[in-house]
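I'm opening my notebook on a structure that is new to me. My plan is to look things up one at a time and jot down what turns up.

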Amino acid sequence: MNRQTETSEKKLTRRDVLKMAGIGGIGLLVGAGGMKTFFPQPTQAEPSASAAASKGDYIPFYGKNQAGIITPMQDFISMAAFNLTTSSLADVRKLFQSWTLASARMTAGQPVDDEIENPHLPPVDTGESIGLAPMKLTITFGLGASFFDDRFGLKSKKPAPLVDMPRFNSDEINPDWSEGDIVVQVCADDPQVAFHAMRNLARIARGKAVLHWMQEGFQRTASADPSGSTPRNLLGFKDGTNNPIASEPKLADEIVWANSAESPSWMTGGTYMAMRRIRMRIEVWDRSSLEDQEATFGRHRHSGAPIGKSGEFDDLELGRKDSTGKPLIAPNSHVALAHMDGKVKILRRSYSYSNGMDVKTGQINAGLLFICFNRDPRKQFIPMQQKLASADRLNEYITHVGSGLYACLPGAREGGYIGDTLF
Amino acid sequence: MRKQWGYPLTAIALSSSLVFTGCGSSESKTTSEVKPEAAAQTEQKTHAATTPELDAAIANYHKWVIEQTDLFVKATDGFTQAVKAGDIEAAKKQYAPARMYFERIEPIAESLGDFDPWLDAREGDVPAEEWRGYHRLEKALWETKSVAGQEKIADQLLQDAKQLRVKVESVEIDPLMLVTGAVELLNEVSSSKVTGEEERYSHTDLCDFAANVQGANEIFKVLQSSVANKDPELAKEIELRFQELDQALAPYQKEQDYVLYTELTEPEVKKLSQALDALAEPLSKMGTILGG
């Protein structure tokens, strides 16, 4: 994904063609799988912040869309939800104005603000990113359903697609890791750059909003895989083979960006983010046979190819049967269910996480910080997850323990601020 | 009490028999023990960096510190008498309220040498043979449940308190001490009170919490006009955050006391901690009055 934007154009073009052939004219396009590469072109007529990924390691903050959505995935994430402690809309406006200015500076590799030369005051910037490059830092803001309760008089502005996430089969959702008034997704190719940004945003928020949850995540770094092949999740399988090519404007409009057909006008240029904290039962998975593991995913582990095929991007052909008449790819395998008959697509942008050891069990506390963007979760993420939750063979090895749905605001123009179409 | 100390005990005998006043009552009447020349003395300690306005603020604060220390001696007297009389229930009742006077002025006590380790060391903060003060008696009252043989510790505690009162009379306070002291008080809360680590046996951490915040508020009050002159927005924000923190603490106050730390749920602790951070952040910018 990351630098693949520049280097793997050929390969993607080939996939692109296959994909486009399969899609032709469908409303919502489909695909399971997480994070294949996108081209860094604008997705709409106007330039977007995420479009500039190709300019060195600096991704501009301002643009029609927020960066960090169709931006090729960076190596690290720091993500947090905040709850507002103020009940004044003026304070919320001020918070987003301050956050916007700080974000624009930090994504450009600058400190959060100019230092005041007074030794009796704490430094304005916390300092751990001094001298560091911007490292493709992006900062993306979204609003949870709770933001639209009675506190700020914005109840009537709540977008219809921003529903309460339904309870899915076998969910074990912990409220401490779920929802929140505001979500902030910080991504960068350096973990310290990402942490620095989140820390300073949290500091700016003090007195107006408090941290509700925070989680850091990673994937293999681009330097570990210069070819930019599909990354693997912590279960060892390639994750994201079928992700849509979000750099394709038509595709992004159909899959990702809010549309006036179902979203209010203030969401133009925005999108909806679904977040799921998925704990993986690492130890249990490690004890299952290769055959079981591959049958669970519906793909071969090494190549990522559909069962019975040799190429990662080969067509699934779910109808294929073995000599005894049984489907080669089990109907309850992850890939078969997530395929959704090719009719529903989401843009996945997930990271792995490890929170060290579970002190209760002594096991490894790790999993997937699943993030996806979609134009209308009622028609995309939610039906897909309903299907997966009800039958996915993978459920034996994973538990959904955190959940959130957020309306990601449109991008801001220089001089404006994130949220100015709403506030 | 945060650091490690190890010092020989010094005993200064003063006598006093004052009556104890209750927990949470920061507004308790001041005693007639305040030496009239106390406030006047401080005004001579003008430092280069100060202004007449700051000098006045320091004088006001010094006066208040002396009042608090008088009340501390009085309350410590009542507490140690109960310990020596073997009246465990009476001693337990007086423990947290007495400590609050000290917690309000902790940065000043810390600037005066070893009063903090003498009065406020927790077990393990100092070598076992040097451990004395409030927390040693706390352990006897709540953990060992016996005050037999604690008379010496009680006497020493009262002497230490009285010696603090003597030292406070002539303490040198400069504007930087005030500004950093306010934040230090809140950092005390962050590092030990909000985690329930200060009062291991009595679990009266919320009394210390409230007292530290009151101490910081007192500093802000004397500096408020200076802050407002330099940065009116900042002064307004600090004032608001103090109000919000008071509101956050209010549900846990019962009459003159606070609920035990162990009665708080995890979300309640988090809420208090975050309200404290919301105040400490703007408070840390009070240094703006000292110029660059």
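How many aromatic pairs does a search of the whole structure find over all chains? I got 25 aromatic pairs. For my own reference, rings of Phe, Tyr and Trp (its six-membered ring) pair if their centres lie within 6.5 Å, with planes under 30 degrees apart counted as stacked, over 60 as edge-to-face and the rest as tilted.

Ground rules before I go on. This is a predicted model, where local features need pLDDT of at least 70, side-chain atom pairs count only at pLDDT 80 or more, and totals for chains, interfaces and linings use all residues. Residues are numbered from 1 along each chain as its sequence is written, chains are lettered from A and ligands numbered from 1 in the order in which they are written, and side-chain values use heavy atoms, with hydrogens and water left out.

**Ring pairs**

I looked at B:Phe72 and B:Phe102, which make a tilted pair, 5.5 Å centre to centre with 35 degrees between the planes. B:Phe72 is in helix H2 (residues 52-84) of chain B and B:Phe102 in helix H3 (residues 88-104) of chain B, so this pair ties together parts 30 residues apart in sequence. Helices here are DSSP runs of H or I with at least four residues, strands are E runs of at least two, and both are numbered from the N terminus. B:Phe72 is buried at 0% relative accessible area, and B:Phe102 is buried at 1%. My cut-offs are under 20% for buried, over 50% for exposed and partly exposed in between (1.4 Å probe, protein chains only).

Then I checked B:Phe79 and B:Tyr95, another tilted pair, at 5.9 Å centre to centre and 55 degrees between the planes. B:Phe79 belongs to helix H2 of chain B and B:Tyr95 to helix H3 of chain B, 16 residues apart. Both B:Phe79 and B:Tyr95 are buried.

**A:Arg277**

Which ring does the charged end of A:Arg277 sit over, at 4.4 Å from its centre? That ring belongs to A:Trp177. A:Arg277 also lies over the face of A:Tyr353, 5.5 Å from the ring centre. The test wants NZ of Lys or CZ of Arg within 6 Å of the ring centre and within 35 degrees of the ring normal.

**A:Gln293**

I found A:Gln293 in helix H7 (residues 290-297) of chain A. Is A:Gln293 buried or exposed? A:Gln293 counts as buried, at 7% relative accessibility. A polar atom of its side chain lies 3.3 Å from the backbone oxygen of A:Ser288. Leaving aside neighbours within four places in sequence, A:Gln293 is in contact (heavy atoms within 4.5 Å) with A:Phe237, A:Trp285, A:Ser288 and A:Arg301.

**Where the chains meet**

I counted 17 residues from chain B and 13 residues from chain A in the contact. The buried area, meaning accessible area (1.4 Å probe) lost on putting the two parts together and summed over both, is about 1200 Å², with carbon and sulfur atoms giving 50%. The rule finds three salt bridges across this interface, each a side-chain nitrogen of Lys or Arg within 4 Å of a carboxyl oxygen of Asp or Glu. B:Glu281 forms a salt bridge with A:Arg203, the closest N and O atoms being 2.6 Å apart.

**Chain B overall**

I noted 11 helices and two strands in chain B. Buried residues make up 57% of its 292 residues.

Note on methods. Polar contact = N/O pair within 3.5 Å; in protein donor to acceptor, adjacent residues only side chain to side chain.
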